[in-house]
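Good morning, and thank you for coming.

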Amino acid sequence: MKFLDTIFFAILLIIGFGYFTVNVKKLIRNIKLGKEVNRNDNAASRWKNMAMIALGQSKMVKRPIAGFLHVIVYVGFVIINLELLEIIIDGLFGTHRVFAFMGNFYSFLIGSFEVLAVLVLVAVVIFWTRRNVIRLKRFISSDLNGSPKKDANIILYFEVVLMSLFLLMNASDFWLQQAGVSHYIQAGSFPISHFIAPVFNGMNETAVMMLERTFWWLHIIGILCFLNYLYFSKHLHILLAFPNTYYADLNPKGQFDNLESVTREVKLMMDPNVDPFAAQPVDENAVPSKFGASDVMDLNWVQLLNAYTCTECGRCTSACPANQTGKKLSPRKIMMDTRDRLEEVGRNIDKNKGIFVPDNISLLNDYISTEELWACTSCNACVEECPVNISPLSIIMDMRRYLVMEQSAAPQSLNAMMTNIENNGAPWQYNQMDRLNWKDEN
């Protein structure tokens, strides 16, 4: 029987991790659809960013209540799943609590896991209440209607089930240890589950053994299901927060990248030694095929990584001054729309054997409207607030650049300003010779 259990367990692992690997490859392929951008400079600062923000959760705790609860869930999830290694070894080799030889340290680990499991359950209940009972404003926005709202709750239910199964598994194991049953050796410390163990009193040993095995199997199956659900969930940030913070833009906020071809033209215009009527050599490599971005393939790969990393927490939108004044813009929606369009493009590629077939759909207009783009004040509040260093602003600016440089579709007031700058050298509608007339006024 143990041999059959081992075979079944091995098959389960192969299916679970195999499907996860397929999704990871699809994820990497989709991100690589973006344009190349160099983010390998200043490695020391990048490692520091990743350590402080992704691992240390430094930006998350700026909102102390939600931040502290998230840290509990994050630490609990990471540490408790270290137990997954023991489960895998036990499942493959037919052992039971294979790390029990570590003695007191093992007892400390199991005891810590149980305390964290309870803290996670408490935090999850509070999170669920904030979303579904108190209904905080950033969790009831229209951009979360439908699947995003369901996804957030599904994750919370997943965590409740996994933590509960962990405690029930330990409680039944502890009961069997106390009963001196066969291979259930005295191992581990159970500060929480020993209070649950009395529910098994009155049952025979065989029944409790079956329950313990059931909890054990359901726990590992639940972990594998959760692992493979990540790709379809906002909780993909559990994995992507680390590369996302590492490859984040290190430039000061508010510093925008300039197109090399445009910079070259401006320098030529300002150079007094250049003949304005002479033909200038053109560097074909410096001239982009398209200015700005109208679809996900026009964005760079870091921006696409940003889209997959979005936690949908809504901190960006709640801090956005345009959104606060009733404008249509929601930085969270910008990231969700980018991810949804990227997924649509990925499905197109899968359907057509690795080749993207034009579908007459684009990120601009079909997902993100020009009204949203021009509502942005480019204040960087969304970038500052994001707990994993996502930049909705960079996508907004690239799409604006496309509207202006490819379609000449800027708002009338902006077109008037640019015309004034071109004609008068200033955004105001009066001649350069009249600039200093104000000094003569009484």
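How many cavities of 30 Å³ or more does the structure hold? The structure holds six of them, a cavity being a set of points on a 1 Å grid over the protein atoms alone where a 1.4 Å probe fits but cannot get out. A volume is the space filled by probe spheres set on the points, which are joined across faces, edges and corners.

This is a predicted model, in which local features need pLDDT of at least 70 and side-chain atom pairs count only at pLDDT 80 or more, while totals for chains, interfaces and linings use all residues. Residues are numbered from 1 along each chain as its sequence is written, and side-chain values use heavy atoms, with hydrogens and water left out.

The largest cavity has a volume of about 560 Å³. By class, the lining has 19 nonpolar, five polar and six charged residues, where Ala, Val, Leu, Ile, Met, Phe, Trp, Tyr, Cys and Pro count as nonpolar, Asp, Glu, Lys and Arg as charged, and the others, Gly among them, as polar.

The second largest cavity has a volume of about 100 Å³. Cys310, Cys313, Cys316, Cys386 and Ile390 are the closest to its centre among 14 lining residues.

Terms used. On a 1 Å grid over the protein atoms alone, a cavity is a set of points where a 1.4 Å probe fits but cannot get out, and a pocket is an open set with protein on both sides within 12 Å along at least five of seven lines; lining residues have an atom within 4 Å of a point.
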